[in-house]
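Please look over the sequence and the model shown here.

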Amino acid sequence: MTPEPKIAPCLSLEFCQAPSSFETMNEDYASCLSGSRTKEMGNIVLSDPKKRNALSLAMLKSLQSDLLHEAESKDLKVIIISAEGPVFSSGHDLKELTDEQSPDYHAEVFQTCSEVMMLIQNHPVPVIAMVNGLATAAGCQLVASCDIAVASDKSSFATPGVNIGLFCSTPAVALGRTVPRKVALEMLFTGEPISAQEALLHGLLSKVVPEEQLEEETMRIAKKIASLSRPVVSLGKATFYKQLPQDLRTAYYLTSQTMVDNVALRDGQEGIKAFIQKRKPIWSQ
């Protein structure tokens, strides 16, 4: 099992006290993740490069715990997920998927992973993946599940499970909802990687930048989000995902009601009045 998250410096930001989840997690989770917080930004780092940041059950539970803890903070406005080493994440720890473990254990691994991916989408603040390297299988799934993904031009992405007899069925859920069907199926059927530029072209990534600009560009996006109203962004994120699977009429019905709700928010009125009065808005959060 991998060890407990430790607090690590987050870029060049000012830090608040470490979240309590970092202090109370079981020792078995040590070193899976490191993380830090400012008042408005959370930074979660996959920090097990010797194991290619494999999403072991311990890593997944650490990630789940940290995301749940962060969701309770009303000051938090954005989360960045990044990784140490040349591999963002190689996906599941295959040593946990042999017949030495029971089917119940295997079910717990995949169920926990699915819960983490859904938690990212259902999280009240935007989650940004900052990718600098290879992301495969469930690692690619993690990138696809994030709201925004920024990658260096050296990064690549693959769902290679088919090559070892384990089709990437759960990664296919996030991948198939992010890139065109035929692109997803080629990746799933062949296991061959795509480049960062190809991933950008097909919608898996939001931006691709040179490696030396990755942190700067990711922080630029995060700071912009952090400067905005949390209630407004949170409402917008939830509604965006809610309307996606709906037919056109239902989608417009839902979003029209959301616009009414948004106008009624304190920050909705503050923003409108600030625009009319030609001043900067003062957000409640």
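With which residue does Lys154 form a salt bridge, and how far apart are the closest N and O atoms? The partner of Lys154 is Glu211, and the closest N and O atoms are 3.7 Å apart. A salt bridge here is a side-chain nitrogen of Lys or Arg within 4 Å of a carboxyl oxygen of Asp or Glu. Lys154 lies in the loop between strand 8 (148–152) and strand 9 (156–158), and Glu211 in the loop between strand 11 (207–209) and helix 8 (214–226), so the pair ties together parts that are 57 residues apart in sequence. Helices (H or I, at least four residues) and strands (E, at least two) are DSSP runs, numbered from the N terminus. Lys154 is partly exposed at 43% relative accessible area, and Glu211 is partly exposed at 38%. Buried means under 20% relative accessible area, exposed over 50%, and partly exposed in between, with a 1.4 Å probe and protein chains only.

The model is predicted: local features need pLDDT of at least 70, side-chain atom pairs count only at pLDDT 80 or more, and totals for chains, interfaces and linings use all residues. Residues are numbered from 1 along each chain as its sequence is written, and side-chain values use heavy atoms, with hydrogens and water left out.

Side chains of opposite charge can pair when their charged atoms come close. A search of the whole structure finds seven salt bridges. One of the pairs is Glu108 with Lys61, at 2.8 Å from N to O. Glu108 lies in helix 3 (residues 103–122) and Lys61 in helix 2 (residues 57–71), so this pair ties together parts that are 47 residues apart in sequence. Glu108 is partly exposed, with a relative accessible area of 30%, and Lys61 is partly exposed at 25%. Arg279 and Glu270 also meet in a salt bridge, at 2.7 Å from N to O. Arg279 counts as partly exposed at 34% relative accessibility, whereas Glu270 counts as buried at 16%. Lys207, Glu217 and Arg220 are linked in a network of salt bridges.

Next comes the chain as a whole. The protein chain has eleven helices and eleven strands. Of its 285 residues, 48% are buried. The chain exposes about 14600 Å², of which carbon and sulfur atoms supply 55%; these areas come from the Shrake-Rupley method with a 1.4 Å probe, and for residues only the protein chains shown count as cover. Among contacts (heavy atoms within 4.5 Å) with a separation of 6 or more, residues 24 or more positions apart account for 69%.

Ser152 is found in strand 8 and counts as buried at 0% relative accessibility. Leaving aside neighbours within four places in sequence, Ser152 is in contact with several residues, including Val131, Asn132, Gly133, Ala196 and Glu211. Glu211 is also the salt-bridge partner of Lys154.

Two packed helices are described by the angle between their axes and the distance between the axes. Helix 4 (residues 138–145) and helix 5 (residues 169–176) pack at about 25 degrees, with their axes 8 Å apart. Axes are lines fitted to C-alpha atoms, for helices over the stretch in contact, and angles run from 0 to 180 degrees between N-to-C directions. Helix 4 and helix 5 are therefore roughly parallel to each other; angles under 35 degrees count as roughly parallel. The contact is made by Ala138, Cys140, Gln141, Ala144 and Ser145 of helix 4 and by Thr170, Pro171, Ala174 and Leu175 of helix 5.

Notes. Parallel < 35°, antiparallel > 145°, perpendicular 65-115°, else oblique.
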